[in-house]
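Here is a friendly walk through one protein model, meant to be read with the structure open beside you. Take a look first, and then we can go through some of its features together.

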Amino acid sequence: MKQVKLGKQGLTVPAIGLGCMGMSISYGTPDDAESIATMHRALDLGCNLLVTSDAYGNGVNEELVAKAIAGRRRDYLVCTKFGNLMGGGGVNGRPEYAVEACEKSLKRLGVDEIDIYGLHRVDPAVPIEETVGAMARLQEQGKVRYLVISEAGPETLRRAMTAATIDVCETEYSLWSRDAETGGLLAACRELGVGYMAYAPLGRGFLSAKIKSLDDLIEKDRRRQHPRYLPENIEKNVALLAPIERIAAAHGATPAQVAIAWVMAQGDFIVPIPGTKRRTYLEENLGAANVTLSAAEVAELAEVFKPGAAAGTRYPDAQLKGVMV
Ligand SMILES: NC(=O)c1ccc[n+]([C@@H]2O[C@H](COP(=O)([O-])OP(=O)(O)OC[C@H]3O[C@@H](n4cnc5c(N)ncnc54)[C@H](OP(=O)(O)O)[C@@H]3O)[C@@H](O)[C@H]2O)c1
C-alpha cells in the first residue's frame, strides 16, 4: 500500500485507513471476531491505520482495537479522540478533560503512547487554543505522537495552529458530503500543511450502491435517523448512483472503490478511512488504491453529486450544529 505523509511532523500513513466505529456502534450488528480478523487482515494488506474514538460505545470500540493490536502494537498506527460525549452529553474540550480522557484511552488501548490523538468535536465554550494547548502538552510528555482535530472549521484550524502543530484534520468528506470543500477546510489544510483524513467516504455505505432501500438496514441501524436515508429522501438519492455504477463497470471496479478513488483524487494530503467490520469489504475498499479515475470521470462525478444534489443533510439537525465549528 502506498504511504502518504500527513502534516509537518513526519506522520506517515497508508493511502487508505480503516475506520473502526461501525465495528461497535451505529451500523448493523457487531461481530467482534470478524472485526478483529478485519483489523488483522488490514495489516496483512499494508493498511496499519486504525481510527477509533473514546466515544464509540463509551470506550467499547477502543477495547476492541486493543484486542486486535495486542502483541503487534508497534505494527499499527492507532488514532483516537476525546471530547464527544455520547448519550446527549455534549462536548468537552477543557484542558483538564483532555488529560483525563487521554489517560483513560491509553489504558483501554493497552498502550503507553497513542499514535494520533485529538479532539473529536470542537467545544464552543472553550477557546480552541486552550484545548489544543493541552494536546500539545500530552505530546511533549510522550503520551501522544501526532495531533488530530475533527470537524473543525477552517478558522478554528487556523487558530489551533497558533497553539499546536496539528498534523491532521479528520472530517467527513465524500462525493455527497462536500462541506470541507465548499467551506474552505480542504484549502486551509493545503495552505497550512495539515493532512486530512476523510471519514465516511462511502456516505455511510450508501455510495457502495449496495443499500437501495431502508429494508437493507436492520431496525436499530443508526442510518435510519440520518436525513439522507429517510424514506422521503432515499429514493431520490438512489437515483444519483447510476454514474458511479457505470464508471465502476468501465474500470472493472465496484462503486465503493470508485467513491473512495474519487476522494483520493482530490489531493495527495487526503486519506480516506472507510469503515467496515468485514474482511470482504475491507479487501474491496483497499482495492480502490488501484483504481485511477480520469480527470473527466472525477469531474463528472463531482457534478452529479454537486453540493445540494443529495436529498437531506449529512447529519440530523442536532448533530449538524456540532460540525465544521
Ligand atoms: N470524526 C468523526 O466525527 C467521525 C464520524 C463518523 C465516522 N468517523 C470515522 O470514519 C470511519 C468511516 O466512516 P463510517 O464508517 O461512518 O462511514 P463509511 O466508511 O462511509 O461507511 C461505512 C459503512 O459502509 C459499509 N461498507 C464499507 N465498505 C463497504 C463496501 N465495500 N460495500 C458495501 N458496504 C460497505 C460498512 O458496512 P459494515 O459495517 O457492515 O462493514 C458500514 O456500514 C468510521 O469508522 C470512524 O472511524 C469519524
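Predicted model: local features only at pLDDT ≥ 70, side-chain atom pairs only at ≥ 80, totals over all residues.

E155 has a salt-bridge partner in R158, and the closest N and O atoms of the two are 3.5 Å apart. Both belong to helix α5 (residues 154-163), where they sit three residues apart and are therefore separated by about one helical turn. R158 itself is partly exposed, at 28% relative accessibility.

Which other residue forms a salt bridge with R158? The partner is E191, with 3.0 Å between the closest N and O atoms. Here the link joins distant parts of the chain, as R158 lies in helix α5 and E191 in helix α7 (residues 185-192), 33 residues apart. E191 counts as exposed, its relative accessibility being 56%.

## A link between α9 and α12

Now turn to E300 and R246, which also form a salt bridge; their closest N and O atoms are 2.4 Å apart. E300 is found in helix α12 (residues 295-304) and R246 in helix α9 (residues 242-251), so the pair ties together parts of the chain that are 54 residues apart in sequence. Are these two residues buried, partly exposed or exposed? E300 has a relative accessible area of 27%, which makes it partly exposed, and R246, at 46%, is partly exposed as well.

How many salt bridges does a search of the whole structure find? The count is 24. Some charged residues are joined in a network of salt bridges: E151, E172, D179, R204 and R314.

Strand β8 (residues 114-119) gives a picture of burial. Six of its six residues are buried, so the strand is largely enclosed by the rest of the structure. The class needs a relative accessible area under 20%.

β8 is paired with two strands that you can find in the viewer. Four bridges join it to strand β5 (residues 77-82), and the two run parallel; within this pairing, T80 has Y117 of β8 as its bridge partner. Strand β9 (residues 144-150) is joined to β8 by five bridges, again in parallel, and I116 is partnered there with Y146 of β9. Together with helix α4 (residues 128-140), β8 and β9 make a right-handed β-α-β unit.

## The second largest pocket

Finally, have a look at the second largest pocket, which holds about 270 Å³ of space. It is lined by 15 residues, and those closest to its centre are K2, A261, M264, A265 and A289. Two elements, α10 (255-264) and β12 (270-272), each supply at least two residues of this lining.

What classes of residue make up the lining of this pocket? There are 11 nonpolar residues, together with two polar and two charged ones.

Conventions: Residues numbered from 1 in each chain as written. Heavy atoms only, no water. Buried < 20%, exposed > 50% of the residue type's maximum accessible area, 1.4 Å probe, protein only. Pairing = 2+ DSSP bridges. Right-handed = clockwise from strand over helix to strand, strands pointing away. Salt bridge = Lys/Arg side-chain N within 4 Å of Asp/Glu carboxyl O. 1 Å grid on protein atoms, 1.4 Å probe; cavity = no way out; pocket = protein on both sides within 12 Å on 5 of 7 lines; lining within 4 Å. Points joined across faces, edges and corners; volume = space filled by probe spheres on them. Nonpolar A, V, L, I, M, F, W, Y, C, P; charged D, E, K, R; others polar.
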